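Me: Hi! I have a structure open here and I'd like to walk through it with you. Could you help me make sense of it?

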Amino acid sequence: MPRSKNPETSKSTSTAATKAAKAPKATKATNGAPPAKGDGDGDLLQRQHEAMQQLAAARPFNELKAGEHGRDPALQPQAGTPVEPADESATASSVRETVVSIKLGSQAQPGHNPGNESLDRVRVDSGGQALTTNQGVRVADNQNSLKAGLRGPTLLEDFILREKITHFDHERIPERVVHARGSAAHGYFECYDPLDQLTMAAPFAAAGKRTPVFVRFSTVAGERGSFDTARDVRGFAVKFYTDDGNWDLVGNNIPVFFIQDAMKFPDLVHALKPEPHHAMPQAASAHDTFWDFVSLMPESAHMLMWVMSDRAIPRSYRMMQGFGVHTFRLVNAAGESKLCKFHWSPRAGTHSLVWDEAVKISGADPDFHRRDLWEAIEAGSFPEWELGLQIFDEEQAENFRFDVLDPTKIVPEELVPLLPVGRLVLNRNPDNFFAETEQVAFCTAHIVPGIDFTNDPLLQGRIHSYVDTQLTRLGGPNFHEIPINASIAQVHNNQRDGLHRQAIHRGSVSYEPNSLAGGCPFQAGRAGGGFVSIPTPFPATGEGDKLRGKPERFADHFSQATLFWRSQSEPEQRHIAGAFRFELSKVQVPAVRERVVSLLANVDAGLAAAVAEGLGFAVPAPQPRALEPAVESELDSSPALSLLARPGDGGVQTRRVALLVVDGADLASLRAAQTALREAGATPRFVGPRIGPLGADESMAIEMSFEQAPSVLWDAVVLANDAAAARPLSMYGQALDFVKDQYRHCKPILALGGPGGLLAAVNLPLMLPEGEADPGLFVCAPPSETDPALRTDADTVTAFIAGLARHRHFERETDPPRV
Ligand code: HEM
C-alpha cells in the first residue's frame with residue numbers, strides 16, 4: 001500500500017522542502033556487504049540500501065561548519081540543508097513499515113506527531129461500553145476476587161484484581177512543591193491588532209487571531225487539598241499553544257515578589273511552608289518562621305504590603321489581575337527589542353473578600369474559588385481579561401529610580417501606561433482534573449520567537465527550576481508528550497527514549513548532523529523561524545566580572561512599599577494594618593513581632609503605629625536601611641495600585657444573591673426581585689431553614705438551607721422582611737447571623753417589607769456613623785411605614801442591583817464593627 005503523505009506535514013515543511021536538495025540518482029550498490037534479498041514486492045533491502053547511499057553521498061561534508069564561528073554567525077545562525085531521499089525507505093526503521101496492522105490503524109506517517117493532535121485523541125467515552133482491563137480484556141465480574149472456593153483464600157492468579165489494585169496503589173503523584181492547590185480552564189487569547197513592530201510572537205501576528213490557551217490559578221503555600229481562601233499569592237499561569245510552540249507566561253496576581261535572587265527561593269519557601277517539626281500551619285503565612293525570615297529580608301517589604309492587602313484574598317479568580325512580574329523582552333523580526341511587563345486586567349473588575357469572610361468560607365466551602373470558576377464557565381459567563389503591555393526601552397529604564405531587573409519593583413502605570421493588546425477568554429472546563437489541571441507543566445523557559453528573557457536574577461533561576469521539578473513530579477523526561485502539555489506546533493528532534501515515551505520515531509537516525517536521514521530534522525536558522533536569543537551586551541567593562549552580588553539600586557527596599565501604602569483607599573489601609581496584626585498575633589516569639597514592626601516603620605509610621613498598638617507594644621526604632629538616604633519614589637501615589645481603580649464593567653453577572661425566606665413570606669415581591677436579578681445576570685437562590693417547596697406555589701422552592709449556605713458564600717442578600725416572614729425568620733439564629741455577616745462584610749442588603757423585622761432584631765444601624773444614609777442598604781416598604789430617610793421608591797430593586805455591581809459598601813465599615 002503506498003504511504004499517504006500527511007497534508008499538514010507537507011504544508012508546514014514546505015519551506016524546507018523547496019530548499020531540500022534532491023539526492024543524486026543511485027548508480028550501483030555500494031561498498032560493504034551486499035544486502036540480503038528480501039521477499040515480497042521486489043528487493044526491498046537492496047532498494048533501501050541504495051537509497052541510503054544516495055542520501056549519504058549527497059552530503060560529502062558538513063557545509064555548515066565553516067559558518068559556525070565568530071560573532072556574526074552567532075547572531076545569524078544558519079539553516080540546515082536538508083536532502084530529500086529519493087526513496088522513503090532510506091529513512092525507515094524497517095523495510096516492512098508499510099505493512100498495515102489493525103492495532104496501528106494506519107501506517108506511520110513521516111513527520112507526523114500524533115501527540116500534537118487535539119485532545120480528542122485521548123478523550124475516553126465509556127458510554128455503551130463494557131468494562132475491560134488495561135489490556136482491553138472484557139471483565140466478566142467486577143464484584144468478586146478469584147478465590148479457592150466461596151470461603152477460600154484469594155488466588156495470586158487473579159490478574160484482574162491485581163491490575164486494578166496495583167493501578168490504584170499508584171494513582172497519586174507528588175504534588176507541586178509550591179502552588180499545589182489549583183484550578184484551570186481552557187480558552188483562547190484574541191489579538192486586537194498586529195504587533196509586528198514590537199514582536200514576532202505568533203499570538204500577536206494578526207487582528208482577531210485566536211491562540212488556544214490553558215490557564216491554571218493556584219495558591220502557593222497550601223497543599224493540594226487545602227482551602228481556596230487562604231491569605232496567599234495566587235498563581236496565574238497561562239500556556240499559549242502558539243503556531244511556533246508553547247509560550248508559558250507563569251505569573252502571579254501580585255506584580256512583585258518577596259526576593260530578588262533565585263538563590264533565596266528555597267529559603268523563602270521553607271520559611272513559608274508548615275513548620276517542619278509539627279507540620280503547622282496549613283496554607284498560612286501567619287507563623288514564626290515566615291515572619292522571622294521576611295523581617296530579615298527587607299527587600300520583601302513591598303511584597304508584604306501586597307500580601308497583607310485584600311489582593312491576597314480575592315473574591316474570585318475571575319476578579320483578580322495577573323502579572324508576568326519580571327521584565328521581559330519583546331523582539332521583532334528585525335531583531336530589535338524592547339523591554340516589557342505583562343498585565344492581565346479582569347473584565348469583571350478587581351474585587352476581594354474581607355478577612356472575616358475568608359476565614360469562614362474556608363470552612364463553609366473550601367472549594368470556593370474552584371467552584372466559582374467552574375460554575376461561571378458552565379453557566380456560559382466566560383471569565384475574561386485584557387492583556388496590557390508596558391513597553392519601554394533601556395534608556396527609559398536607566399532613568400527610573402529603581403532597577404527594572406529587580407522583581408520587587410513595579411513600573412508604575414503612571415510612568416509607563418498599559419497598551420491593551422488582546423483579550424483572554426476562558427470558555428471550557430477541563431474534562432478531567434488529573435489529566436489536565438494536575439499534569440499540566442508550566443515553565444518560564446517555554447518562550448517562542450518574539451519573546452526573550454532579561455537578566456532578572458529571579459527569572460534566571462526560574463528558567464532552570466520548573467523542568468527540573470517536573471522531571472520528578474511527572475515521572476521522567478517525556479511529560480511534554482502528555483496531551484495537555486503537547487504543543488500544537490510540530491515537534492521534531494533527536495531526543496529519544498526515557499520513561500513512558502510515546503512517540504514512535506521512524507528510522508535509524510537520532511543525531512544531527514546526519515546524511516542518512518537527509519539531514520533531517522535540520523536546524524531552522526534565523527531565516528527558518530528558529531529561536532535566536534537577543535544579543536544583550538554584558539555590562540560595561542569592570543562590571544562584567546564573574547561574581548555573586550546585586551546592583552546598587554536593588555538596595556532600595558522601601559520606596560515602593562511606601563508608594564503602595566499611600567496609594568490605598570482608607571478601607572484598604574485599614575485591612576492591611578488588620579492583616580499584619582492578625583499574622584503577627586500568631587507569631588510566638590515577641591522579638592520577631594517587633595522586628596516586623598521595625599521594618600514597617602520604614603514603610604509608614606502610621607502603619608507601624610496601627611500594627612504595634614494592636615500587639616500591645618510601642619513602635620520600635622526603624623530598622624537601619626541598606627541604602628541611605630532613603631530613595632523617594634517618582635510618584636506620591638499611584639491610583640492604579642488600589643483595587644478600587646478597576647471596578648469592572650458594572651455588571652452583576654454570576655454574583656450570588658441569597659433570598660432569605662420562610663413559609664408564609666410575601667412571594668410576589670420575592671419573585672419580582674428574583675426575576676429582576678436573573679435578568680441582570682446575577683444568580684439568585686432561595687435560602688431558608690430547610691430545603692423544599694415554598695408555600696402552595698409549586699414553582700417556588702427553598703433551594704439551600706442555612707446550614708449548607710451561610711452568609712459568607714453570598715455577595716448580597718434579599719430579606720423576606722414582611723410582617724408574616726420577619727418574625728418566624730428572626731427565630732433562627734442562623735438568619736440573624738446571616739444578616740449580621742452581610743452587614744459586617746459591607747455587602748448590599750435589600751429588605752422587602754420594611755425596615756423593622758430582621759433588621760431590628762439584629763440592631764442593624766440604618767444610618768452610617770456620621771448620620772448619612774447607608775448606600776448599601778435598600779428597603780422596600782409600604783408607603784405608610786416609610787421612614788423618609790430610607791429609599792422606598794418603586795425602583796428600589798434596580799438600585800439594589802446597582803449597589804450589587806459596586807460589590808462592597810465600605811462606608812459602613814468601622815473598627816471595631818458596630819454589628
Ligand atoms: C526563583 C524563584 C522561583 C522558583 C525557583 C520557583 C519554582 C517553582 C516550582 C518548582 C513550581 C512547581 C512547578 C511544578 O511542579 O510544575 C512553581 C510553580 C509556580 N510558580 Fe514558581 N518559582 C519561583 C518564583 C515564582 C515567581 C516570581 C512567580 C510569579 C511570577 C511564580 C509563579 C509560579 C506559578 C504560577 C506556579 C504554578 C504553575 C502551575 O499552575 O502549575 N514562581 N514554581
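Me: Let's start with β4. How many of its residues are buried?

Reply: Of the 10 residues in β4, 8 are buried, so the strand is mostly covered. Keep in mind that this is a predicted model.

Me: And how does β3 pair with β4?

Reply: β3, residues 182-191, pairs with β4 in the antiparallel sense, over 9 bridges. One of the pairs you can look up is Gly182, whose bridge partner in β4 is Ser218.

Me: Which residue of β5 stands opposite Ser218?

Reply: That is Gly235 in β5. β4 and β5 pair in the antiparallel sense as well, over 7 bridges.

Me: Okay, so what about β5 itself? Why is it described as largely enclosed?

Reply: Because 9 of its 9 residues are buried, β5 is largely enclosed by the rest of the structure. Both of its faces are covered. Arg234, Phe236, Val238, Phe240 and Thr242 are buried on one side, and Gly235, Ala237, Lys239 and Tyr241 are buried on the other.

Me: Every second residue is on one side. Why is that?

Reply: In a regular strand, side chains alternate between the two faces of the sheet.

Me: Let's zoom out. How many helices and strands does the protein have?

Reply: It has 22 helices and 20 strands. The C-alpha trace spans about 110 × 80 × 55 Å along its principal axes. Of the 819 residues, 40% are buried.

Me: How is it divided into domains?

Reply: Domain 1 is 7-110, domain 2 is 182-286 + 304-481, domain 3 is 556-645 and domain 4 is 656-812. The centres of domain 2 and domain 4, taken over C-alpha atoms, are separated by 37 Å.

Me: How many residues of those two are in contact?

Reply: 8 residues of domain 2 are in contact with 6 residues of domain 4. On the domain 2 side, the residues divide into 3 nonpolar, 1 polar and 4 charged.

Me: I also see a sheet with β13 and β14 in it. What is its strand order?

Reply: The order is β17-β14-β13-β18-β19-β20, in an open sheet of 6 strands with parallel pairing. β17 (704-705) and β20 (777-780) stand at the edges with a single partner strand each, so one side of each is left without a neighbour in the sheet.

Me: How many bridges join β13 to β14?

Reply: 5 bridges join them, and the two strands run parallel. Arg656 has Thr683 in β14 as its bridge partner. Helix α22, residues 796-805, packs on this sheet, touching β13, β18, β19 and β20. The direction of α22 makes about 165 degrees with that of β20.

Me: New topic: where is Ser637?

Reply: Ser637 is in the loop between α17 (605-615) and β13. Ser637 is partly exposed, with 17 other C-beta atoms within 10 Å. Leaving aside its neighbours within four places in sequence, Ser637 is in contact with Leu563, Arg566 and Ser567.

Me: Last one, α7. Which of its residues are buried?

Reply: In α7, residues 288-295, the buried ones are Phe290, Trp291, Phe293, Val294 and Ser295. They pack against α6 (265-272), α8 (301-307), α15 (570-586) and α16 (590-600).

Key: Residues numbered from 1 in each chain as written. Predicted model: local features only at pLDDT ≥ 70, side-chain atom pairs only at ≥ 80, totals over all residues. Buried ≥ 20, exposed ≤ 12 C-beta atoms within 10 Å, placed from the backbone. Helix = DSSP H or I, 4+ residues; strand = E, 2+ residues; numbered from the N terminus. Pairing = 2+ DSSP bridges. Domains from an automatic or database assignment. Contact = placed C-beta atoms within 7 Å. Nonpolar A, V, L, I, M, F, W, Y, C, P; charged D, E, K, R; others polar. Axes fitted to C-alpha atoms, helices over the stretch in contact; angles between N-to-C directions.
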